[in-house]
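The sequence and structure come before the text.

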Amino acid sequence: MSEQQLDPSKRTWLIATTCAGVAGGAVVAVPFVSTFAPSERARAAGAPVEADISGLKAGEMMTVEWRGKPVWIVRRTPEQLESLNKTENLVADPRSERKASEVTPMPETRNQHRSIKPEVFVTVGICSHLGCSPSERFTPGAQPSLPGDWQGGFLCPCHGSTFDMAGRVFKNKPAPDNLEVPPHTFLSDSRLLIGEAKKA
C-alpha cells in the first residue's frame, strides 16, 4: 500500500485522537495555570490584598477584607491629624508600646499617627475588647454616647469603647488595646498592599 492510499477510517481515527489529545491537554493546563493566582482560601488565610486608594478623598474611609477581617483605610484631614495632639494625654497607649508585636507589628507605625504616611491610616476594624466592629464617628463635638469634647474617631457600639483618629483607645474603657495596624506597604501613592510589610 502506498503512502497516498491511507485508509480513510485510520485517517479519521488519527484526527480524532489528535483533537482529543489537544483538548485533554487544555483541560489539564487551565487548572494548573490558575493555581498561580491566590485562591479565595489562600486570601482568607492571609495572602496580601491590594487596595487602590486613588479615589479616597480627605476625611473618607474605605474597607477591604484581609484574613476575613475588615481593614479600614482612612485618608485623614489636617484637622484630624491635629486632633491627635489633643487626645495624646487621654489615650491609654499613645505610642502603641503595649503588645507592640501583636497590635502594631511594624516599628515605623509606633508613632503618634500610627501610620507610615501621616495622612493615610490603616487599621483592622475590630475592637480589642470582644471583637465587635466599631463605627466611624469622624464628626467632632457632642453626640450620643460620646463626650462633649469629642475630637473624632471610632465608637464600639457593643460596650462603649472609644478610639481616636489613630485607633488609640481612650483610658478607662473596656477595650484593653489600640486597634491593630496590620502589616502593609505602599506600592505607589495610590496603591497599598495589606498583609505584607516593606522588605528591608
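In β9, L193 is the bridge partner of T185. The model is predicted, so to speak of local features requires pLDDT of at least 70 and side-chain atom pairs count only at pLDDT 80 or more, while totals for chains, interfaces and linings use all residues. Residues are numbered from 1 along each chain as its sequence is written, and side-chain values use heavy atoms, with hydrogens and water left out.

**Sheet**

Strands here are DSSP runs of E with at least two residues, helices are runs of H or I with at least four, and both are numbered from the N terminus. Two strands count as paired if DSSP finds at least two bridges between them. Strands of a sheet pair through backbone hydrogen bonds, either parallel or antiparallel.

The open sheet has 3 strands in the order β1-β9-β8, with antiparallel pairing. Its edge strands, each pairing on one side only, are β1 (49–52) and β8 (184–188). On average, neighbouring strands of this sheet are turned by 25° against each other, direction ignored. Such angles are taken between axes, which are lines fitted to C-alpha atoms (for helices over the stretch in contact), and run from 0 to 180 degrees between N-to-C directions.

**Salt bridges**

The structure holds 8 salt bridges, a salt bridge being a side-chain nitrogen of Lys or Arg within 4 Å of a carboxyl oxygen of Asp or Glu. Three of them are described here, starting with the pair E50 and R191, whose closest N and O atoms are 2.7 Å apart. E50 lies in strand β1 and R191 in strand β9, so this pair ties together parts that are 141 residues apart in sequence. E50 is partly exposed at 45% relative accessibility, and R191 is partly exposed at 34%. These classes follow from relative accessible area: buried is under 20%, exposed is over 50%, and partly exposed is in between (1.4 Å probe, protein chains only).

K69 and E180 form another salt bridge, with 3.8 Å between the closest N and O atoms. K69 is in strand β3 (residues 69–75) and E180 in the loop between β7 (162–163) and β8, so the pair ties together parts that are 111 residues apart in sequence. E180 has a relative accessibility of 23% and is partly exposed; K69, at 25%, is partly exposed.

The side chains of R168 and D164 meet in a salt bridge with an N to O distance of 2.8 Å. R168 is buried at 0% relative accessibility, and D164 is buried at 0%. Salt bridges that share partners join E88, R95, D164 and R168 into one network.

**Nonpolar cores**

In soluble globular proteins, nonpolar side chains tend to be buried together. A nonpolar core is taken as a set of buried Ala, Val, Leu, Ile, Met, Phe, Trp, Tyr and Cys residues joined through side-chain atoms within 4.5 Å. The largest one has 17 residues, and V74, F154 and F163 have the most contacts inside it. β3 and α3 (78–87) each supply at least two residues of this core. A second, separate core has 14 residues, including A51, W66, V71 and V120.

For F163, contact means heavy atoms within 4.5 Å. Leaving aside residues up to four places away in sequence, F163 touches C127, W150, F154, R168 and L179, among others.

**Cysteines**

There is 1 disulfide, defined as a pair of cysteine sulfur atoms within 2.5 Å. C132 and C158 form this link, with their sulfur atoms 2.0 Å apart. The angle about the S-S bond is -105°, which makes the link of C132 and C158 left-handed. C132 lies in the loop between β4 (120–124) and β5 (135–137) and C158 in the loop between β6 (153–155) and β7, 26 residues apart.

The sulfur atoms of C127 and C156 are 3.9 Å apart, too far for a bond.

| Cysteine | Relative accessibility | Class |
|---|---|---|
| C132 | 18% | buried |
| C158 | 38% | partly exposed |
| C127 | 4% | buried |
| C156 | 3% | buried |
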